[in-house]
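Here is a short briefing on the structure shown below. Please read the points alongside the model.

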Amino acid sequence: MKRSTASEKPRNDQSHAGARSDVSAKNRPVFGGLPIKQILRKTFMHDETDYLYALSHIIPRTPAAMPPQMILPHSTLSKGHEDKAALSALIVKAEAGDTSTMKKLGMCFREGYGLSGPDLESAFRYFKMAADTGDANSLNAVGECYQDGLGVRADPESAFQCFKKAASLGHIGATHNLAICFLKGLGVASDATKAVPLFQKASDAGKLEATTNLGVCHQYGLGVEKNPFIAFLLFQAAVDGGSTLSKFNLGELYDVGDCIPVDKEKAISLYHDAAEAGSVDAMVMLGKSYYFGDGVECDMEKAIAYEQKAADRGDAQSMYHLASYHMEGMWNLPKDEMKALSLYTRAAQAGLDVSVTMANHLKTKLYLSGD
């Protein structure tokens with residue numbers, strides 16, 4: 001279904017005269033004092049799933065005209081009658097079998113567009129409906145839902161099959177996801193030799209994350225002969241292409257001087273950029289650098305701040321370190337055994353075995369002391 005984009009000129013209103021004879025120029029929809037088309041043109045600049053699929057083509061149906069089961073519960077919707085009407089109209093189109101609308105609706109539910117928050121179960125349902133028609137984008141989306149347990153029970157094998165089918169249809173994101181499955185053994189036996197050509201294919205198609213992961217394979221000899229210099233070239237290419245997160249990988253090579261001269265200052269600068277972009281690995285490295293004074297002046301306040309950021313994003317080792325500091329009241333942190341227990345427990349749940357022992361030991365101590 002062809003839609004005009006924000007850069008295209010709006011079609012003459014007369015082209016819709018037959019389908020919208022009830023909407024005169026005088027009574028054209030207006031929200032918030034502005035013509036709805038003007039609102040849509042502004043919103044398209046920021047997407048939001050083409051603003052609920054262009055308010056479902058300027059809301060061709062009203063909620064009153066729709067079957068009751070198609071109307072979204074008011075409690076799940078954000079403010080605005082137009083959002084409710086648009087989402088309801090999208091549901092009608094999707095249930096009628098329109099694949100493009102199924103995909104759009106899946107994205108709306110996944111991201112929470114027009115809702116009070118994401119509805120992952122509904123997102124999975126509509127992505128699955130579209131995937132069952134053979135749509136590659138939706139197959140990849142369903143695979144990601146299965147992989148991460150989003151709106152459905154986690155099922156690595158089903159995720160792998162979805163990625164495999166979508167990749168066979170030429171979907172580059174799925175090709176990269178399939179490579180990850182082979183590399184990490186997710187839903188299939190681990191085989192790095194199968195991952196490498198898939199990373200290469202996705203990289204050649206312009207996926208920077210694949211370029212970085214291909215570099216990691218060369219850096220550590222995963223499925224290919226170890227060659228840190230090729231890794232360096234790939235990381236640099238990813239960074240030059242605009243991947244800020246890849247700066248961590250490039251910084252790591254400058255940090256250790258593997259195939260290139262050691263440059264601590266450059267490494268720290270790259271770590272900072274990557275951390276700002278959300279790289280947990282970079283946060284961890286900055287925490288270590290400031291803790292040991294490696295490449296920077298020792299600064300425990302900054303070290304703890306970066307460890308806290310990494311812990312907040314799920315890094316188990318950082319949780320363990322912070323728990324240890326709270327156990328002893330180190331580095332100006334208050335001694336707080338309950339806080340330490342919470343951090344040890346979270347680290348254990350994240351897979352750090354040593355935290356299991358520490359958490360159990362601390363539970364016993366607190367129980368015996370009556371705290």
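**Aromatic pairs and charges over rings**

A search of the whole structure finds 10 aromatic pairs. The model is a predicted one. The chain has 371 residues, and 42% of them are buried. Its secondary structure comes to 18 helices and two strands.

- Ring pairs join Phe229, Phe232 and Tyr254 into a cluster.
- Phe232 is also one of the buried residues of helix H11.
- Lys266 sits over the face of Tyr254, 5.5 Å from the ring centre.
- Arg125 sits over the face of Tyr126, 5.0 Å from the ring centre.

**Nonpolar cores**

- The largest nonpolar core holds 41 residues. Leu105, Phe109, Val142, Leu178 and Phe199 have the most contacts inside this core.
- Eight helices are named here as each supplying at least two residues of this core: H3 (81-95), H4 (99-111), H5 (120-131), H6 (136-148), H7 (156-168), H8 (172-184), H9 (192-204) and H10 (208-220).
- A second core is separate and has 27 residues. Among them are Ala267, Leu270, Ala274 and Met283.
- Consider contacts in the chain between residues at least 6 apart in sequence: 44% join residues at least 24 apart.

**Helix H11**

- H11 covers residues 228-240, 13 residues in total. From first C-alpha to last, H11 reaches 18 Å, close to the 18 Å expected at 1.5 Å a residue.
- Which residues of H11 are buried? They are Pro228, Ala231, Phe232, Leu234, Phe235, Ala238 and Val239.
- These buried residues pack against H10 and helix H12 (247-256).
- Gly242 follows H11 and has a positive phi, near 115°.

**Helix H14**

- H14 spans residues 280-292 and also has its length checked: 13 residues at 1.5 Å a residue should span 18 Å. The end C-alpha atoms of H14 are 18 Å apart, so the two values agree.
- The buried residues in H14 are Ala282, Met283, Val284, Met285, Leu286, Gly287, Ser289 and Tyr290. Met283 also belongs to the second core.
- What do the buried residues of H14 pack against? They pack against H12, helix H13 (264-276), helix H15 (300-312) and helix H16 (316-328).
- Just after H14, Gly293 takes a positive phi of about 70°.

**Cysteines**

- How many disulfides does a search of the whole structure find? The search finds zero.
- Take Cys162: the closest cysteine sulfur is in Cys145, 9.2 Å away.
- Is Cys162 buried or exposed? Cys162 is buried, because its relative accessible area is 12%, and the cut-off for buried is under 20%.
- Cys298 is at 45% relative accessibility, so Cys298 counts as partly exposed.

**The loop at Ala350**

- Ala350 lies in the loop between helix H17 (337-349) and helix H18 (353-369).
- Its relative accessibility is 45%, so Ala350 counts as partly exposed.
- Ala350 and Ala316 are 34 residues apart in sequence. In space they are 5.8 Å apart, C-alpha to C-alpha.
- Which residues is Ala350 in contact with, leaving aside its neighbours within four places in sequence? They are Gly314 and Ala316.

Key. Residues are numbered from 1 along each chain as its sequence is written. This is a predicted model: local features need pLDDT of at least 70, side-chain atom pairs count only at pLDDT 80 or more; totals for chains, interfaces and linings use all residues. Side-chain values use heavy atoms; hydrogens and water are left out. A nonpolar core is a set of buried Ala, Val, Leu, Ile, Met, Phe, Trp, Tyr and Cys residues joined through side-chain atoms within 4.5 Å. Buried means under 20% relative accessible area, exposed over 50%, partly exposed in between (1.4 Å probe, protein chains only). Helices (H or I, at least four residues) and strands (E, at least two) are DSSP runs, numbered from the N terminus. The expected span of a helix is 1.5 Å times one less than its number of residues. Contact means heavy atoms within 4.5 Å. Rings of Phe, Tyr and Trp (its six-membered ring) pair if their centres lie within 6.5 Å; planes under 30 degrees apart count as stacked, over 60 as edge-to-face and the rest as tilted. A charge sits over a ring if NZ of Lys or CZ of Arg is within 6 Å of the ring centre and within 35 degrees of the ring normal. A disulfide is a pair of cysteine sulfur atoms within 2.5 Å.
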